[in-house]
Each structure stands twice: as C-alpha cells, then as structure tokens.
Amino acid sequence: MKTASFNFFQYVWIFIAGCYSGYIIETLWCLIRHGYIESRKSLVLGHLSVAYGMGAVLLTLILIRFQNASVWKIFLIAFLTGTVTEYICSLGQEICFGTVAWDYSNVPLNINGRVCLLYSLFWGVLGVFWVKAIIPLMNKTAVNLPYEKIIVVCFICFFVFDCALSASAAVRMNVRQTRAEPVNKIEEFLDLHYPDEKMQKIYANSKSAE
C-alpha cells in the first residue's frame, strides 16, 4: 500500500475535524449516558474539543509511517501514544488550572486516575482504525480548497486568541477564590463577561483537583 503524506494545511484540517468530532461525540455521549446536553468544549468561544484535535494530529503524525505494519504493531503504538498523551493532558490541566476533566479512579487498572487500561485499549483499537481506514480515506479525498491558506490562517489566529482568552478566564476564575476584586481592566473585562457561573457552564465536566 502506498504511504500517505499530508502537508501543514491538511494537518490543520485534521485538527479542526478532530476538535469538532470530539465535541459532538462528547456531547452525544453525555446525552446518552445522563439524559441531558452539557457543554463539553475546551475553549470559551469555539465549540472545540482540543484534546481530540491534538489526538487526531498526533495519531496521524506517528502512525502514518506504519501503514504497512502489522495490526498488532499499530495497536501497540497507538495504545502507548494515546495513554501517554491522555496522562500528560490530565496532568497539564491540573498543574495549569487546578482542575481535572476526567477521573478514572473508580475504573480498574488506572494510573493516578488519569489513564486506565480500558481507555488505553480504546486508543489501540482507534489507532488501527485510523491507519487502515481514516488515513487512506483522507489521502484519497485530499483537495486544495479555494482560499485554503486564508481560511487556515484565520482559524489559527482565532484559535490562538481563543486559547489566550480561555486561559485568562480560567486563571481569573481561580484567583477570584482568594481575591474577588479586580485590579486592572483585563480582570474587570473577565469578571464581567466570564463570571464563575458562566465558566462553570462552559466547563461543566471539570472538577477541582483538590
């Protein structure tokens, strides 16, 4: 089988597709499991699940060279890649924002509640599906869209702004626990537009790490 390859712009599209797919999957899973719709987005503006976008890009970057490898080799690489990525994302969120978005403490064979065998197995299966079905499909259907570079650059600018705003709002929310009064215009803006009630709705699935 001919090995696929993607350029920078195509990887951005993979990231976008992963982000929106993850948001839809998480939202539907919440609806099916709990019977209600709850925010599952990672950022305050865009309806994006960044972890899924990162996972899609990372799986593609790492596994694209193993398209002709055995299924078990692909499974093992995806198993390890997904597990390490999930652990790092969980640890990073706790260190930066003092919150956790998932906790596997009650699931058998977990590591610090951040990863567990069950979901690591899911990563392995997803990796095999990604290599054998998704990557060839993306390579076959890849086309140069009109104004693609402009669209991608606009998305990147929006994404960077959204990340900065989301991080600022999350940090300010934590600061409000000990110092409610704003000390500058930025904090005044964040208090006005992203109060605790709104942030709790946006990040309804996040819990304090304490």
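Is leucine 109 buried or exposed in this structure? In this predicted model, leucine 109 counts as exposed, because its relative accessibility is 64% and the cut-off for that class is over 50%. The points below place this residue beside a few others, grouped by where they lie and how much of their area is accessible.

**Positive phi in two loops**
- Leucine 109 lies in the loop between β1, which covers residues 99–100, and β2, which covers residues 110–111, and its phi is positive at about 55° although the residue is not a glycine.
- Asparagine 112 belongs to the loop that runs between β2 and β3, the latter being residues 115–116, and this residue, also other than glycine, has a positive phi near 55°.
- With a relative accessible area of 58%, asparagine 112 is exposed.

**A buried position in a helix**
- Threonine 83 sits within helix α3, which spans residues 71–97, and this threonine is buried because its relative accessible area of 15% falls under the 20% limit.
- When residues up to four places away in sequence are left out of the count, threonine 83 touches Val115, Ser120 and Trp123.

**A nonpolar surface patch**
- Ile24, Leu28, Leu31, Ile32 and Ile37 together make a nonpolar surface patch of about 520 Å².
- One of these patch residues, isoleucine 37, is found in the loop between α1, residues 8–34, and α2, residues 50–63.
- Isoleucine 37 has a relative accessibility of 64% and therefore counts as exposed, given that the class begins over 50%.

Technical notes
Residues numbered from 1 in each chain as written. Predicted model: local features only at pLDDT ≥ 70, side-chain atom pairs only at ≥ 80, totals over all residues. Heavy atoms only, no water. Helix = DSSP H or I, 4+ residues; strand = E, 2+ residues; numbered from the N terminus. Buried < 20%, exposed > 50% of the residue type's maximum accessible area, 1.4 Å probe, protein only. Contact = heavy atoms within 4.5 Å. Patch = residues over 30% accessible without salt bridge, like charges linked within 9 Å, V, L, I, M, F, W, Y side chains within 5 Å. Areas by Shrake-Rupley, 256 points an atom, 1.4 Å probe, with all protein chains shown as cover. Salt bridge = Lys/Arg side-chain N within 4 Å of Asp/Glu carboxyl O.
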